[in-house]
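Hi,

Here is the structure I promised to pass on.

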Amino acid sequence: MKNITQKLYLKNTYLFQKYGVKAVCLGIFLMMGSVFAQTSPLTLNEEEYFEKPGVNILAFSNWYDGLFSDSKISGIEVIHHGVRTVTNGDVRLHATPEQWDAIPTFVRREVDRGNNRIDTYEKYPDYDFEYMIRAERDEDEVILSVHLDEPIPEELQGKAGFNLEFIPSAYAEKTYYMDGEGGNFPLYPHSSMDKDTSGYTAPKPFAEGKTLVVAPGDPKRKITIISDEAELRLHDGRDKAQNGWFVVRSLLPENKTGKVLQWRLNVNSTPGWTRNPVIGHSQVGYHPNQEKVAVIELDKNDSPASEATLYKLNEMGEKVEKHTAALSNWGQYTRYEYLYFDFSEVKEEGLYVISYKAETTAPFKINEDVYEKAWHPTNDVFFPVQMDHMLVNEAYRVWHGASHLDDALQAPVNHEHFDLYAQGPTTDTEYEPGEHIPGLNIGGWYDAGDYDIRTQTQYYVVSHLAHAYEDFNLQRDQTLVDYDAKYVDLHNPDGKPDMLQHIEHGTLGLIAQHRALGRAIPGIIVPDISQYTHLGDGLTMTDNLIYDKEMDPLETDGYKSGKFDDRWAFTSKSTPLNYGSIAALAAASRVLKGYNDELAEECINTAINVWKEEHSKEPDLFHHGNTTGGTLEEEELKAAVELLLSTKDEMYATRIKEMWPTIDKNFNLHAGRVIKILAYMDEDFKQKLKNKVKDYKNEIAEHRKENPYGVPIGRRGWAGNSQIVAYAINNYHLHKAFPDLIDKEEVFKGLNYLYGTHPDSDISFVSGVGTKSKKVAYGMNRADFSFIAGGVVPGVLILKPDFPENKEDWPFLWGENEYVVSVGASYIYLVNAVRDLLNNQ
C-alpha cells in the first residue's frame, strides 16, 4: 500500500503542475479506484501475457494474423472481462490506418519474466526505421513505451505515432474523460476531416490531452491511459473506413532517442470476476436417434456444478424436467475448462432447453424432421444473392443489379494484385494488356463478401453442388432464373430445380473461360482498391460499358466508355487450375443431362480435350497466392476421378491407381473423393484404401483428445469451419463404405459444431438457421451490420496464445465472419448427408 500511495502522490503532483485542480481530483479518483478495487495483482502469466481478474493484456502474442496487412489482431491487445476490446497497439504511420496501409516488419519478441516485461522489436524497412516497444508491469498497471536507437527519419516526422485501437461495438454510446472534460463516443462517425498537401484525408482528433479515461461508467470496459509527455489524440477511424476503430494516438517526438514515449495503461478489473458459462449445443436441434451431448465451457476460475438439466417446454410455456445428469469433465482447452452433458437417452419429440447453474439455452427441437429445412436458406437466398451478372430481386428488395456486364480486360503483365492474384511475364493469351476479352460476362458467383470471381472457388462450388444433387436428388424449386433478362427472383418457383440452376450458373462461368481462352484462368477482379473496398450494390462498381482507352473518361457511345472501371482477367497458365476446372465440368456434365443437354455435352467434351492436351505437354506451373489451384497431383486426381465417373473410361482408373502416393500422402483431402470410384478399382486398391481408413480412425480419436468437440479446429488467421465441414463430409463417405470402422456420429459432430457446439458462444454459424444464428456477418451488406440468410461464416478464430473468438457485434473481421460460397456449397452437402444417414438407418 505504501508504494501505491507514493505513486498516487507523485502522479497527482505532476497532474497539478500540468493541468490544475480538476485534473488532480480526477487523478485521485482514478488512483483510489486502483487502490481499493484491485484485490488481485497483475501478473505476467505462463502464457506470456499480463493478467488479473477480468483483464488480459497481450503484447504481440499475435502478428496481424490474416490474409491482408491489417486484420485488427496484433500488437498490444486487451481482453476485457472476456471480450477483446483493444488491439493494434503499435507504431503506425497514420492516425486511422486502413486495411492496406503499411505495417512494420516483425523482428523478434523477448519475454523477461524476472523484470515482468515483454520487448518487441520491429522495423519499417522502406524508411530504415527500427524501434522497440516495451510492455512492463508496474504493480497493477502496464507501462507501454517506445524506444529508439536512432531518431525517427525525417520523412516520418509528424507521421509515425503509437496507436491503440478500441472496437466501436464495445465503446460507441459510451463516454470518456480527457483531462477531466467529458464526452461520448458517437454511435455513427461525424468527425471533422483534415486534408494534407498530398490530398490524403483523415479525421481530426475529437479529444486531446494527457489523461484519457475510457468508459468511466462501465466497470467492465473502463480503461485509463496517462501519457507522460506526448499528447493523447482520440480519433474515429470509421470516418475513413467503415471497418475503422476508435484510435488513441501519440506522435513520436523528433530528434530523440532512448525511451521517446511512455503511456501508463490501467485496465479496470472486477475482483473475483468469472466469465458466465457457455452451453454449447445445436441451435437447430437433434434427431431422436443421434447422440446429444452439450459441451459446457467454463472460466478456469469458475467452480463447476455437478449436474445439468434438460427441460421440455410444453404448450403452456412451462418447463418440465426431462433429464438431469451428472457432468463429465473433459479438461482444459485453450483458456477454458469443459464439461459434457449427455442427454442422448431423451428421444421424445418437442422443444427443449438446457439449464446449467443460472444459464438456460434458447429452445431447440428434438424431432425426426429437424434437418429437413436446414439447407433451404442457403439454397433459397444465399446462393441466388451471390450470383454475378444478374439482377437479384427478393420481394420488395433488390439485392443488386446485373453487375460487371463489361467483363473483362486483360490484366497487365508482371503485376501482383493486392488480393492474391498475379499476372506473369506474359498474358498467355492473344490479348494485349488492357484489351477487352469478350465472353466472360456470364455466370459465376461473388466469391465472398467481395465481388471477384475466383476460379478455384467456382469449381469447388460446382463440384460440391453437383455431387449434392447427384447423391441426394435435391428437387427444391423456389427461385426464378431468367438468363435472357439477366433476372433472378427469390421465392418465385419457375418449375426447375434450384440446384440445377445453381450448377448451371457456376458452370457457365467456368465454361466461358474455356470458350474465350481455351483453358481456365485464375480469376476476374477489379483493378483498383477503391473498387475493391466498395460496399453496396455491385452494379455501381462499373458502368457496365466496355472500356475504350481512346475515349475521354466521361465519353460513351452506349456500348463503350472511357471510364476505366472494368474488371481485370488474370490469365497466366496453370495446369493445376485447368485440372480443377475440368473436374467440375465433368461433374456438372452428369447432372445437367436432361436439363441442359447442350451445355452438358460441351462440358464433358471440354474436360476430355483439356485432359488430353495437358497430358501431351509439360505442365504449366505458375503459382501465386491461392488463385492458381492446388498442387499439380491433387488437382489432376480430382479431374481423373470426375472423368472416370462421367465416362467410365478405364484409362482414368489406371491413372488413379498410378496416383496412389498422392492419395496416401494427403488421405484426409482425398478420402471422400476416391470412395466414389471404388467400384471401378481393383482389389489391391480397395485393400490399400481400407488400410488407410484404419489409420484414419486413429486420427479421429486424436481429435477427441485435442479438443472437447472432437473435430479439427485450426489455428490459422482464417477460422476453421471450412475444414470441419470437409472433415465431416469425408467421414460420411468413409462411414458409408466402411461402417464398421467410421461411426456416423463423426459426421454429426461437424454439423453440431456449425450449429452451436463450439467454443466462445452457442450461436449457429449459419445465418438464419437455428434459434440463435449469425446476424452480423461479413457479407456485401456488412456496413449495415446485417446478414444474408444461409451464409456460413468461418467461425471461431483461436487467437494466440489461447483466446477463442467470434464477434457477433462487429462484422468486419473477415477471418471470423466472412461468407464464402465454397463453404455454402459444402454445407448443403453436409446437411443432406446427415439427413441421409438418419433417414436411412
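Let's start with a sheet: four strands form an open one, in the order 33-42-39-36 and with mixed pairing. At its edges sit strand 33 (409–410) and strand 36 (453–454), each pairing on one side only. Here strands are DSSP runs of E with at least two residues, helices are runs of H or I with at least four, and both are numbered from the N terminus. Two strands count as paired if DSSP finds at least two bridges between them. Strand 36 and strand 39 (residues 523–525) run antiparallel and are joined by two bridges. Across that pair, arginine 454 stands opposite glycine 523 in strand 39.

Before going further, please keep in mind that this is a predicted model: local features need pLDDT of at least 70 and side-chain atom pairs count only at pLDDT 80 or more, while totals for chains, interfaces and linings use all residues. Residues are numbered from 1 along each chain as its sequence is written, and side-chain values use heavy atoms, with hydrogens and water left out.

Next, the nonpolar cores, meaning sets of buried Ala, Val, Leu, Ile, Met, Phe, Trp, Tyr and Cys residues joined through side-chain atoms within 4.5 Å. Buried is under 20% relative accessible area, exposed is over 50%, and partly exposed is in between (1.4 Å probe, protein chains only). The largest core has 148 residues, and Ile503, Ile656, Tyr755 and Tyr827 touch the most other members. Helix 18 (residues 821–839) contributes the most to this core, namely 12 residues. Apart from it there is another core of 55 residues, including Leu42, Val55, Phe166 and Ala170.

Valine 488 belongs to strand 38 (residues 487–490) and is buried, with a relative accessible area of 0%.

Is arginine 84 buried or exposed? It counts as buried, at 1% relative accessibility. A polar atom of its side chain lies 2.7 Å from the backbone oxygen of lysine 72. Leaving aside neighbours within four places in sequence, arginine 84 also touches Glu77, Ile167, Phe803 and Glu816, among others.

Cheers

Notes: Polar contact = N/O pair within 3.5 Å; in protein donor to acceptor, adjacent residues only side chain to side chain. Contact = heavy atoms within 4.5 Å.
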